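Biologist: I would like to learn how to read a protein model, one feature at a time. Could we go through one together?

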Amino acid sequence: MFSTYDVIVVGAGHAGCEAAAAAANMGSKVLLITMNLQTIAQMSCNPAMGGVAKGQIVREIDAMGGYSGIVTDKSMIQFRMLNKSKGPAMWSPRAQNDRMLFASTWREMLEKTPNVDFYQDMVNGLIIEKGVVRGVVTGMGNRILSKSVVLTNGTFLNGIIHIGEKKFGGGRMAEKAATGITEQLVSEGFESNRLKTGTPPRIDGRSLDYTKMEEQKGDEHPVGFSYLNIPLPKEQRSCWITYTNQVVHDILKTGFDRSPMFTGRIDGIGPRYCPSIEDKLNRFADKERHQLFIEPEGWNTVEIYVNGFSTSLPEEVQYEALRNIPGFADFKAFRPGYAIEYDYFPPTQLGHSLESKIISNLFLAGQINGTTGYEEAACQGLMAGINAHQKINFLEPVILDRSEAYIGVLIDDLISKGTEEPYRMFTSRAEFRTLLRQDNADIRLTEKSFSLGLASSDRLEAVNIKKNDVIKISRILQDFSVDPKDAEDLLSKKKMSPLLQKQKASALLLRPNLGLNDLREGITELSYKLRHFDSYALEQAEIQLKYEAYIKKEKELVTRISQLEQLSIPESFDYDRLSALSMEALIKFKKIKPRTLGQASRISGVNPTDIQILMVYMGR
């Protein structure tokens, strides 16, 4: 019944979908197996993509030829560029999405992707021969052969759902857990552990009083995520903001004695940066209120997601507390919040390609590696799909450096440091965030993607046009002299000191709170010279001129650090003969087997002395 596939992808969440699309678009014959074909690309938690650092990742996925940015733009109901009051390294795109449209668009795009087959079944085992994966075994007894396998099981491996004192097996509400894979991998020498995540109640939006809340509209001019310029909606749906209060907190505390978090029924560690409401009350006892975002789930549904109220408390406690939140006095619930506990495999057991160090041709991506969030999962899936194709075709793995992409930061963090709690990306995790901006992901990554056969020639041409336009704009700004009289009204309006003599536009642009749009609006001749350039090239040129010193400094730092990255450590290196190493460094080096001195220096618990010792023994 089944032919032999190049790549089998297990699980059709965000990681699985990107893995299947990437491998197939590179030419591999792919089988995507999921327990339910109706839940492909399900937004299991909040109906949103992007956010701080996460938005940069979605832009990078798009630049690498992935689908997440396109799907997000096609299903968007609201767009906001976060942190615009800060420098461009912090600007982060975020979209609210129509949950059902997001999933249906993803499925439609996959079905239109040549080389992708689908099958509905549970995978409960792998076919492994002499340390190499050869396929999968399904719950219905099918043995399906393949040259490689990508596991993207999300929260389904031995998943347990908790609501108060109730608990039952499940990978998501109303969906059964997956069994068999953890036990088999542990028998093969893998280490596994447990993590926990949660989700808030879903509410009937018709039962809320929005006059008691603060409206949060989208940007007047949304820009979206994909560099393909997908048409964006002409209208947007608002979100709303409300707050908990002391009455709400007191009610929630009455359920703490039945909370699975506080009674020890949950062993897994939850996400530090997206805690449940009961965890917030416990950790931030001095806070009088907590902010809640009331998010619509689509264009044609009344369902509401209560962002900030994730909980596993008993249902009656959840609902009594909600009634005392402004705007919720007469609310109706669609379902309660719940926590889910699941298996994951500490990612130090993987290489930079996301291939297992224990079983060849087996790749892991997404929450199975200890991450949280759609975006973190999707980028891992993309890279796992790419590298599964590369491996079976005897090609070099594709590894993005920390100075090249947030994706590179995430993967390097996971495999070098591991994680004991759900990992979430932040801009602060990147040493080179001035270089890794959301506006230049296409310039950073499209050429690499094109060389792999993922990005189209049209994408590459668009990037080259943008780069050339940026050079032209920069030259115009560096050559154009602004007359003091021409800038008088503009600078007066901005309450800035006037020019005493002519000044180049590029120098004038360095003034704080003065942007290129201001110069274009205030100086007619300059506006005329820049009239043929699009907003993306103008923004890019402005950022490069305005932050030239910071960008230059980071590039110099990249050059210095790259010297360590270029010093490779042989896989067979015998660390036991380095008697001067600290015991922690010795254990970590032997376990992780860093491929470069740079990676070795980033391993948690390794100090500079250990690196110096390693360099001496390597003759450096």
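Modeller: Gladly! We will sort residues into classes: Ala, Val, Leu, Ile, Met, Phe, Trp, Tyr, Cys and Pro count as nonpolar, Asp, Glu, Lys and Arg as charged, and the others, Gly among them, as polar. This is a predicted model, in which local features need pLDDT of at least 70 and side-chain atom pairs count only at pLDDT 80 or more, while totals for chains, interfaces and linings use all residues. Residues are numbered from 1 along each chain as its sequence is written, and side-chain values use heavy atoms, with hydrogens and water left out.

Biologist: Then let us begin with a pocket. Which classes of residue make up the lining of the second largest pocket?

Modeller: A pocket is an open set of points on a 1 Å grid over the protein atoms alone, with protein on both sides within 12 Å along at least five of seven lines; a cavity is a set of points where a 1.4 Å probe fits but cannot get out, and lining residues have an atom within 4 Å of a point. Here the lining of the second largest pocket has 21 nonpolar, 12 polar and 17 charged residues. That lining counts 50 residues, and Lys84, Trp91, Ser535, Glu539 and Glu542 lie nearest the centre of the pocket. Its volume, the space filled by probe spheres set on grid points joined across faces, edges and corners, is about 1,400 Å³.

Biologist: Which helix gives the most to this lining?

Modeller: Helix 17, with nine residues. Helices (H or I, at least four residues) and strands (E, at least two) are DSSP runs, numbered from the N terminus. At least two lining residues each come from strand 4 (76-82), helix 11 (441-452), helix 12 (457-479), helix 15 (516-522) and helix 17 (535-546).

Biologist: How many cavities of 30 Å³ or more does the structure hold?

Modeller: Rolling a probe the size of a water molecule over the atoms shows where empty space is left. In this model there are two such cavities. The largest cavity holds about 60 Å³ of space, and its lining is made of Gln246, His249, Lys253, Leu281, Phe284, Ala285, Lys287 and His290. Helix 6 (residues 246-253) provides the largest share, three residues. By class, this lining has three nonpolar, three polar and two charged residues.

Biologist: And what lines the second largest cavity?

Modeller: Among its lining residues are His352, Met383, Val398 and Asp412. Helix 10 (residues 406-417) supplies the largest share, four residues. The volume is about 40 Å³, and the lining divides into six nonpolar, two polar and one charged residues.

Biologist: Let us turn to sheets. In what order do the strands of the open sheet lie?

Modeller: Two strands pair if DSSP finds at least two bridges between them. Four strands form this open sheet in the order 11-10-19-12, with antiparallel pairing. Strand 11 (166-169) and strand 12 (193-199) are the edge strands, each pairing on one side only. Strand 10 (residues 160-163) joins strand 11 over four bridges: Ile160 stands opposite Gly169, and Ile161 stands opposite Phe168. Two residues lie between these strands in their hairpin, where Gly164 takes a positive phi near 60°.

Biologist: Where can I find a positive phi in a residue other than glycine?

Modeller: Most residues other than glycine have a negative phi. Leu354 has a positive phi near 75°, and its place is the loop between strand 19 (338-344) and strand 20 (362-364). Asn158 also has a positive phi, about 50°, in the loop between strand 9 (143-151) and strand 10.

Biologist: Is Leu354 buried or exposed?

Modeller: Buried means under 20% relative accessible area, exposed over 50%, and partly exposed in between (1.4 Å probe, protein chains only). Leu354 is buried because its relative accessible area is 0%. Gly170 has a value of 0% and so is buried; this glycine sits in the loop between strand 11 and helix 5 (181-187). Contact means heavy atoms within 4.5 Å, and beyond its neighbours within four places in sequence, Gly170 touches residues including Thr155, Ile160, Glu175 and Ile340.

Biologist: Which residues of helix 8 are buried?

Modeller: In helix 8 (residues 315-322) they are Val317, Gln318, Tyr319, Ala321 and Leu322. These buried residues pack against strand 10, strand 13 (202-204), helix 6 and strand 18 (333-335).
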